[in-house]
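Please look over the sequence and the predicted model shown here. The report that follows goes through them part by part.

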Amino acid sequence: MDGYSSCGKSTIAKGLAKKLGYTYIDSGAMYRAVALFAIRNGWITDQMMDEKAIIEHLSNIKITFKPNLSGVQETFLNDENVEKEIRTLEVANGASRVSTLAAVRKEMVRQQQEMGINKGVVMDGRDIGTVVFPNAEMKLFMTCSPEIRAKRRYDEMVSKGESPLYEDVLANVKERDLRDTTREESPLRQAEDAIVLDNSEIGIDEQLIWALNMFNKIT
Ligand code: C5P
């Protein structure tokens with residue numbers, strides 16, 4: 001499943017995985033974990049990104065997923081649970097920056113392909129249908145207007161007790177869209193054989209039913 005930032009891919013991917021008894025893998029969380037590692041080490045600031053240091057230390061970054069007590073997958077960076085820390089705007093921005101580096105992408109794609117080797121996986125990201133699993137049985141491409149995505153992301157952050165500015169969230173969404181679609185390495189694009197889901201006007205339950213029907217038709 002591929003698509004723009006904050007268009008609800010993970011909600012549908014998780015729901016689909018649960019219904020099918022598959023494992024959900026959040027590939028964006030892996031780029032976020034790399035970004036967190038880089039931010040903590042001072043290799044990413046507002047002004048600069050130390051590409052050399054990030055690439056040199058890639059082999060020191062071990063990303064794993066483990067389910068919590070409710071069965072929800074959480075992200076671990078070198079055995080530390082970073083699930084909460086990787087969800088900030090700062091880390092989201094850092095992820096979109098480190099994900100432009102070819103060496104970072106190569107290593108993440110390698111790890112993602114390994115995770116899917118035995119199949120039974122629903123993975124979401126930007127290059128899953130085009131690069132990671134070009135032979136996936138089912139490919140979904142999700143789209144939604146930037147304003148609606150920003151509003152959903154804003155509401156989610158407020159519900160977590162944060163107090164962002166809507167304008168900042170919208171600017172972040174647009175900035176990441178631009179970077180994701182124009183980067184040289186694996187830019188976000190729809191795979192030729194992907195099915196498009198524009199969820200600007202559709203609720204979660206309806207999307208899930210639609211996706212399950214599609215899955216049953218295809219497989
Ligand atoms: O999906 P999420 O918003 O968590 O991803 C964070 C960032 O990681 C995205 O903005 C995108 O730049 C990058 N990403 C990527 N390829 C993926 C998944 C995420 O480049 N497969």
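## The shell around the ligand

Helix α2 contributes the most to the shell around the ligand, with 4 residues. At least two shell residues come from each of α2, α4 and α8. The shell holds 15 residues, and the closest are Gly28, Tyr31, Ser96, Ser99 and Gly125.

By class, the shell has 4 nonpolar, 6 polar and 5 charged residues. Ala, Val, Leu, Ile, Met, Phe, Trp, Tyr, Cys and Pro count as nonpolar, Asp, Glu, Lys and Arg as charged, and the others, Gly among them, as polar.

## Source and numbering

This is a predicted model, in which local features need pLDDT of at least 70 and side-chain atom pairs count only at pLDDT 80 or more, while totals for chains, interfaces and linings use all residues. Residues are numbered from 1 along each chain as its sequence is written.

## Helix α4

Helix α4 covers residues 89–98 and is largely enclosed by the rest of the structure, because 7 of its 10 residues are buried. Buried means that 20 or more other C-beta atoms lie within 10 Å of the residue's own, exposed means 12 or fewer, and partly exposed is in between; C-beta atoms are placed from the backbone. The buried residues of α4 are Val91, Ala92, Gly94, Ala95, Ser96, Arg97 and Val98. They pack against α2 (27–40), α3 (51–56), α5 (102–115) and α8 (166–182).

How are α2 and α4 placed relative to each other? Their axes are 8 Å apart and form an angle of about 100°. The two helices are therefore roughly perpendicular, a term for angles of 65 to 115 degrees. Axes are lines fitted to C-alpha atoms, for helices over the stretch in contact, and angles run from 0 to 180 degrees between N-to-C directions. On the α2 side, the residues in contact include Gly28, Tyr31 and Arg32; on the α4 side, they include Glu90, Val91 and Val98. By class, this contact has 10 nonpolar, 2 polar and 2 charged residues.

## Nonpolar cores

In soluble globular proteins, nonpolar side chains tend to be buried together. A nonpolar core is a set of buried Ala, Val, Leu, Ile, Met, Phe, Trp, Tyr and Cys residues joined through C-beta atoms within 7 Å. The largest core has 23 residues, and Ala33, Val34, Ala35, Leu36, Ala38 and Val98 have the most contacts inside it. Helices α2, α4 and α5 each supply at least two of its residues, and α2 gives the most, with 9 residues.

Leaving aside neighbours within four places in sequence, Val98 is in contact with Tyr31, Val34, Ala35, Ala38, Ile54 and Val104. Contact means that the C-beta atoms of two residues, placed from the backbone, lie within 7 Å. A second, separate core has 19 residues, among them Cys7, Leu16, Ile25 and Leu197.

## Two loop residues

Most residues other than glycine have a negative phi. Ser6 is not a glycine, yet its phi is positive, at about 55°. Ser6 sits in the loop between β1 (2–3) and α1 (9–20) and is buried, with 23 other C-beta atoms within 10 Å.

Lys119 also has a positive phi, of about 60°, although it is not a glycine. Lys119 lies in the loop between α5 and β6 (121–124) and counts as exposed, with 10 C-beta neighbours inside 10 Å.

Key. Near = placed C-beta within 6 Å. Parallel < 35°, antiparallel > 145°, perpendicular 65-115°, else oblique.
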